[in-house]
Amino acid sequence: MTADRRASWFKGVLDLLVLASLTDGESYGYEIAKLLGAAGFGQIKGGTLYPVLNRLEEAGLVAAEFRAAEKGPGRRYYRLTDAGRETLGEQGGLWLAFDGSVREILAKAGVR
């Protein structure tokens with residue numbers, strides 16, 4: 001197991017992170033990517049992020065609205081729906097429980 005697993009872990013939790021990034025209000029893709037990058041996840045490319053946003057929109061977890069800009073191209077703004085907040089709470093709790101279990105096993109193995 002010499003491969004770096006972080007990319008796989010990230011893909012498994014990206015939907016949840018995108019939902020969490022919208023809890024303070026609406027945002028657009030580039031800003032979401034910057035927020036996640038600043039949190040330590042590295043550069044997130046549009047080819048990774050936008051399919052997630054589209055999938056969340058199709059599932060009714062986020063709503064999107066295109067807005068024209070005075071300068072430059074318009075942007076698609078995303079906001080959490082009530083279903084998105086509910087899913088974030090449920091799935092966030094499950095992720096934290098999973099994380100706690102992983103930490104417990106690793107701590108028993110002496111990993112710090």
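Modeller: A crossing is left-handed if the near helix is turned anticlockwise from the far one by less than a right angle, and right-handed if clockwise. This is a predicted model, where local features need pLDDT of at least 70, side-chain atom pairs count only at pLDDT 80 or more, and totals for chains, interfaces and linings use all residues. Residues are numbered from 1 along each chain as its sequence is written, and side-chain values use heavy atoms, without hydrogens and water.

Biologist: In which hand does α1 pass α2?

Modeller: Helices are DSSP runs of H or I with at least four residues, and strands are runs of E with at least two, numbered from the N terminus. The axes of α1 and α2 come within 11 Å and cross at roughly 120°. The crossing of α1 past α2 is right-handed.

Biologist: Which residues of α2 make the contact with α1?

Modeller: Contact means heavy atoms within 4.5 Å. From α1 come F10, L14, L17, V18 and S21. From α2 come I32, L35, L36 and F41.

Biologist: Why do the buried residues of α2 line one face of the helix?

Modeller: Buried means under 20% relative accessible area and exposed over 50%, with partly exposed in between (1.4 Å probe, protein chains only). In α2 the buried residues are G29, I32, A33 and L36. Seen down the axis of α2, they line one face because they fall within an arc (of the directions from the helix axis to the C-beta atoms) of 95°.

Biologist: Which residues are exposed on the other side of α2?

Modeller: The buried residues of α2 pack against α1, β1, α3 and β3. On the other side of α2, the exposed residues are Y30 and A38.

Definitions and conventions: Axes are lines fitted to C-alpha atoms, for helices over the stretch in contact, and angles run from 0 to 180 degrees between N-to-C directions.
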